[in-house]
Amino acid sequence: MAIDTQTTITGPHTAAPQADRLTGRAKLVLFVLCAAQFMVALDFSVLNVALPALGKDLGLSQSALQWAVTAFALPSGGFLLLFGRIADLFGRKKLFLTGLALFGAASLLATLAWDPASFLTGRALQGLGAAVIVPTGMSLLTTTFPEGPLRDKALGISGTLLSLGFTIGMVLGGIMTDTLGWRSTMGLLVAFAAIVLVLAPGLLPESRTPERPRLDVPGAVTVTGGLLAVIYALSTAAQRGFGGVDVWGTLLAGLALLAAFVVVESKASAPLVSLPMLKRRTVAWGNLGGLVTFSMMSTVVFVLTLYLQETLSLSSFQTGLIFGIQGVASAVAGTYAAKFIGRFGARRVLVGSLLGQGVFIAALLGLGTGSGALLATVAVSLASMCHLGAIISYGVTVTSGVPDEEQGLATGLVTTTQQVGLTVGIPLLGVLATTQASLFDGVRTVLAIDAVIVIAAAALVGLGLRKRA
């Protein structure tokens, strides 16, 4: 296990990997941590295709259905940094188990929901549980597996399952909704949480920093409030556009709070976020790569879904099948990503993956109004393979060289970037596809802008991470 003199690891068992091979217990630890991440990723997408049926059953209007997504996104993105730091101070395993219990109970409430209020409450509590699970699970992973081939391999498996969870959720959600009803999608998450909660206590070691500095309350308030406001504004804009006063007001308030957070952290004796850490080239440029790969790929999935169903008139099942092939391609990429990182380095893999993602997104500009399913399948699958490589390599880039006592903070930044990326892409670009006179023209416009942004980001990250003489 990756242990240094500043990190305390306690518990009846450890999962110390040896050399460059995973021991039997290390594999079990990795399975538990990846299962939790997979569960959260599944929650992002499994409900999407069930929204119409859910709305009819609970009496949610079409305009109100966005809250089924927003209620989860707000706390899951807004509280990540806070819980990542709390885990560093008071115990990652303890908080991880608490998050699992909260997520499972919230999923049960959503499954049994009797009206919109009870369902949305369950979704919000799911998001809060996810905000605990994701950074604590990632920090347990990076403190359990030492930096190098073992951590690269563990992050590769985790990143693959993260991508697969999102894709499988889209396919599984449609099948379960048609056969068992929308409540089964939430019930599946209850079962997942219960299984992980049973296995985790005996397998995971406890880890925390030995010192107990005061929690940075002003920093926690400003960053959490700022993230909540920005995510709310962008989520609302995805549904109603940027014309509303409330959208701009909330967005500006959120940006002001985030600016105040920077000021607070520069003066805090025990800051929630170490500004010197943010000045690390690997942290700053790695997170930029992560933000771009997540935001731009989620946008591609969104506009392609519209194209396949509205322009080509494919069914939900056929659309889900295309994204299922995309998921398989991502899984294949995940099996090789760690090897590529070990051979070429995380920086080169990150830059190359971003460049490949941008090129294959550009290939989607060849789609037509009468045909294009085959091109969409091939191009989005190849783009997703590159996307998976970018996910894994940016996680390795950001967490490399960070002491164990700050891994919760580093992984909190990684997962916050992931959450914000998943949230901002569709509001910023997706709205262009739905507001133009022709949906097809709107989709092509979005894909062109998307490709340019990803390729430009590849160049910037490459320059930013370039080794100085």
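A: The structure, which is a predicted model, holds five aromatic pairs.

Q: How are the rings of Y307 and F440 placed relative to each other, in distance and in angle?

A: A pair of aromatic rings is described by the distance of the centres and the angle of the planes. For Y307 and F440 the centres are 6.2 Å apart and the planes stand at 35 degrees, so this pair is tilted, given that planes under 30 degrees apart would count as stacked and those over 60 as edge-to-face.

Q: What should I make of the rings of F340 and F344?

A: Here the ring centres are 6.0 Å apart and the planes meet at 20 degrees, so F340 and F344 form a stacked pair. Both residues lie in helix α13 (residues 316-344), where they are four residues apart, or about one turn of the helix. As for accessibility, F340 counts as partly exposed at 44% relative accessibility, and F344 likewise counts as partly exposed, at 37%, because that class runs between 20% and 50%.

Q: How do the axes of helix α5 and helix α8 cross?

A: The axes of α5 (residues 92-111) and α8 (residues 183-203) come within 8 Å and cross at roughly 155 degrees. Angles over 145 degrees count as roughly antiparallel, and α5 and α8 are therefore roughly antiparallel to each other. The crossing of α5 and α8 is left-handed.

Q: Which residues of α5 and α8 meet?

A: On the α5 side they include K93, F96, L97, L100, F103, G104 and L108, and these belong to a set that meets residues of α8, among them R183, M186, L189, V190, A193, V196 and L197.

Q: What do the totals say about the protein chain as a whole?

A: The secondary structure of the protein chain consists of 17 helices and two strands, and 56% of its 469 residues count as buried. Among contacts with a separation of 6 or more, 83% are accounted for by residues 24 or more positions apart. The accessible surface of the chain comes to about 18200 Å², and carbon and sulfur atoms make up 68% of that surface.

Key
Residues are numbered from 1 along each chain as its sequence is written. This is a predicted model: local features need pLDDT of at least 70, side-chain atom pairs count only at pLDDT 80 or more; totals for chains, interfaces and linings use all residues. Side-chain values use heavy atoms; hydrogens and water are left out. Buried means under 20% relative accessible area, exposed over 50%, partly exposed in between (1.4 Å probe, protein chains only). Contact means heavy atoms within 4.5 Å. Accessible areas come from the Shrake-Rupley method with a 1.4 Å probe; for residues, only the protein chains shown count as cover. Rings of Phe, Tyr and Trp (its six-membered ring) pair if their centres lie within 6.5 Å; planes under 30 degrees apart count as stacked, over 60 as edge-to-face and the rest as tilted. Axes are lines fitted to C-alpha atoms, for helices over the stretch in contact, and angles run from 0 to 180 degrees between N-to-C directions. Angles under 35 degrees count as roughly parallel, over 145 as roughly antiparallel, 65 to 115 as roughly perpendicular and the rest as oblique. A crossing is left-handed if the near helix is turned anticlockwise from the far one by less than a right angle, and right-handed if clockwise.
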